[in-house]
Amino acid sequence: MKFTDSRNSTINEALQGIKILKLYAWESFFQKKIQKFRDDEMVHCAKFNYIAAYQTMMYVAIPLFINVGTFGSHYLMGGDMDPSTIFTAIALLQIIRMPLTMLPMMIIGFIQAQNALSRMQKYFDADEQFDFTEKSSDESISLKLQGDFSWEESDDAKKEEEKEEEVKGEDVTKDVGTELTEIKLETQKFTLTLNQSEFVVKKGELIAIVGEVGSGKSSLISALLGEMEPTSDKNSPSNKRQQAFRVVSGNVSYSSQVPWIVNETVKNNITMGLPFNQEKFNRALELCALVDDLRMLPAGVNTEIGEKGINLSGGQKARLCLARCVYREADVVFLDDPLSAVDAHVGKHLFEKCISGAFEDQTVILATNQLQVLSSVSRIIVLKNGAVTEQGTYKDLYEKKGEFMSLMDKHNNKTKEKEKEKESEKLERGKLRGESMDSIHSDHSVEDVASQKPSR
Ligand SMILES: Nc1ncnc2c1ncn2[C@@H]1O[C@H](COP(=O)(O)OP(=O)(O)OP(=O)(O)O)[C@@H](O)[C@H]1O
Ligand SMILES: [Mg+2]
């Protein structure tokens with residue numbers, strides 16, 4: 001069963017990503033991997049079938065052996081061999097034949113049932129989702145979050161932890177002199193920590209969440225959505241949980257970091273089950289700069305989008321998800337890095353027209369790595385290792401010259417490096433084409449971050 005599971009999950013993985021698999025010519029790698037699981041499975045299948053064949057043979061042979069053995073010993077011991085004794089004995093032996101042949105099948109059935117039960121037990125034993133949602137009496141507050149939150153540990157991680165604890169408990173002196181062949185990375189569990197009144201958002205605010213990669217921006221949005229569980233203290237499990245709460249006023253819309261596209265038309269991907277309204281729909285397309293893209297699609301808004309948005313570019317997928325949020329007109333909008341996959345000028349359009357424009361009356365939480373747009377948000381929250389290190393307006397943080405400014409410096413350096421790379425690429429291309437240097441430099445523009453004025 002274990003090997004069948006492994007084989008099936010690998011086949012599923014290969015089929016789900018068949019396009020990429022073909023594109024990168026990974027067929028032989030996957031074929032070998034599947035073949036390995038199949039070989040292991042075959043060894044067990046062969047064993048199982050040998051036992052089944054042996055069982056069938058015994059089913060046919062055992063009555064004969066029993067009859068010969070019983071009557072032979074009866075005769076040798078001087079017993080009467082009259083028909084009444086013999087036929088009665090045969091009838092009785094016939095009765096126990098059935099239960100005897102069923103015994104091996106019962107053992108196999110018992111093992112299989114035990115296996116299935118242990119799988120189901122794991123599901124039934126899983127923790128109930130802890131609801132830490134509360135209602136706020138203050139109508140001006142849109143979002144509130146407090147507590148320590150962590151991601152649920154996977155089974156593999158739990159097993160690893162158990163193993164580590166076992167190793168710790170063992171006598172370490174016996175390992176002296178043995179060579180370590182494996183380098184182990186020290187694992188650290190990610191925890192999002194939000195103290196009292198750290199995360200309070202008023203209605204209509206546009207909050208930007210910034211921080212380095214892996215600092216917990218997406219996790220903060222997940223905690224607000226109730227996807228992340230409050231951490232329970234090992235010593236007093238209920239204590240820490242009781243302190244955690246989240247307040248979300250009104251309905252929400254969410255654009256995830258990895259765009260979520262369904263196998264439907266562009267139109268249905270935007271309306272997502274809501275009644276169609278041409279005016280609202282056109283507005284969403286315009287605000288998300290999708291009009292030109294739709295002209296390129298064969299059937300415009302009625303173009304069927306393939307599985308996982310296969311016939312759309314990364315930027316188109318991100319904008320489609322953003323358009324879905326515009327169309328929904330929810331009270332609270334969560335946007336997880338919607339500008340990462342688009343060009344700088346499209347990003348500027350999206351931010352000005354859509355994020356800070358169209359969502360003007362809505363509460364917006366924008367997790368982003370595009371720091372050039374931040375001068376016009378209501379408040380910036382800086383995260384580091386899952387904790388809020390700074391928060392305030394762009395001006396406050398600029399004057400404070402703390403964590404945010406060091407992020408900004410890094411971002412500016414990266415942008416400059418990219419600009420330089422682009423410039424040298426253009427120069428190279430220009431040289432190859434024999435263009436004049438003037439024409440190469442004429443279309444070059446660098447965005448001035450500091451010149452942007454706050455709009456909300
Ligand atoms: N669904 C999840 N299950 C388990 N762990 C997760 C999950 N999502 C994120 N993590 C972990 O939480 C930590 C923070 O990740 P998160 O995605 O919140 O960072 P981020 O700031 O959004 O990064 P990025 O800038 O790359 O988007 C990481 O260590 C990551 O491994
Ligand atoms: Mg993220």
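**Figure 1. Packing of helix 1 against helix 3.** In this predicted model, helix 1 (residues 2-16) and helix 3 (residues 27-76) pack at an angle of about 160°, and their axes are 9 Å apart. Angles over 145 degrees count as roughly antiparallel, and helix 1 and helix 3 are therefore roughly antiparallel to each other. Their crossing is left-handed. On the side of helix 1, the contact is made by F3, T4, S6, R7, T10, I11 and A14. Helix 3 contributes F30, K33, I34, F37, R38, D40, E41 and H44. Sorted by class, the residues of this contact are six nonpolar, four polar and five charged.

**Figure 2. Packing of helix 3 against helix 4.** Helix 3 also packs with helix 4 (residues 83-125), here at an angle of about 150° and with the axes 10 Å apart. That angle makes helix 3 roughly antiparallel to helix 4. The crossing of helix 3 and helix 4 is right-handed. From helix 3, the residues in contact are Q55, Y59, I62, P63, I66, N67, T70 and F71. From helix 4, they are I86, A89, I90, L93, R97, L100, T101 and P104. By class, this contact holds 11 nonpolar, four polar and one charged residues.

Figure 3. Which residues come nearest to ligand 1? Of the 13 residues around the ligand, these are W151, F190, K217, S218 and S219. The shell around ligand 1 divides into three nonpolar, eight polar and two charged residues. Helix 6 (residues 217-224) supplies three residues, the largest share of this shell.

**Figure 4. Helix 6 and the glycine that follows.** Is helix 6 mostly covered or mostly uncovered? Helix 6 is mostly covered, with six of its eight residues buried. The buried residues are K217, S219, L220, I221, A223 and L224. Among them, K217 and S219 are also listed with the residues that come nearest to ligand 1. After helix 6 comes G226, which has a positive phi near 85°.

**Figure 5. E329, a residue with positive phi.** Most residues other than glycine have a negative phi. E329 is not a glycine, yet its phi is positive, about 50°. Where is E329 found? It is in the loop between helix 11 (314-328) and strand 7 (332-336). E329 has 16 other C-beta atoms within 10 Å and is therefore partly exposed.

**Figure 6. K401, in a loop between two helices.** K401 is a residue other than glycine with a positive phi, near 55°. The loop that holds K401 runs between helix 13 (394-400) and helix 14 (403-433). Is K401 buried or exposed? K401 counts as exposed, because 11 C-beta neighbours lie inside 10 Å and a residue with 12 or fewer is classed in this way.

**Figure 7. The chain as a whole.** The chain contains 15 helices and 10 strands. Of its 456 residues, 23% count as buried. Among the contacts in the chain with a separation of 6 or more, 77% join residues 24 or more positions apart.

Conventions. Residues numbered from 1 in each chain as written. Chains lettered and ligands numbered in written order. Predicted model: local features only at pLDDT ≥ 70, side-chain atom pairs only at ≥ 80, totals over all residues. Near = placed C-beta within 6 Å. Helix = DSSP H or I, 4+ residues; strand = E, 2+ residues; numbered from the N terminus. Nonpolar A, V, L, I, M, F, W, Y, C, P; charged D, E, K, R; others polar. Axes fitted to C-alpha atoms, helices over the stretch in contact; angles between N-to-C directions. Parallel < 35°, antiparallel > 145°, perpendicular 65-115°, else oblique. Left-handed = near helix turned anticlockwise from the far one by under 90°. Contact = placed C-beta atoms within 7 Å. Buried ≥ 20, exposed ≤ 12 C-beta atoms within 10 Å, placed from the backbone.
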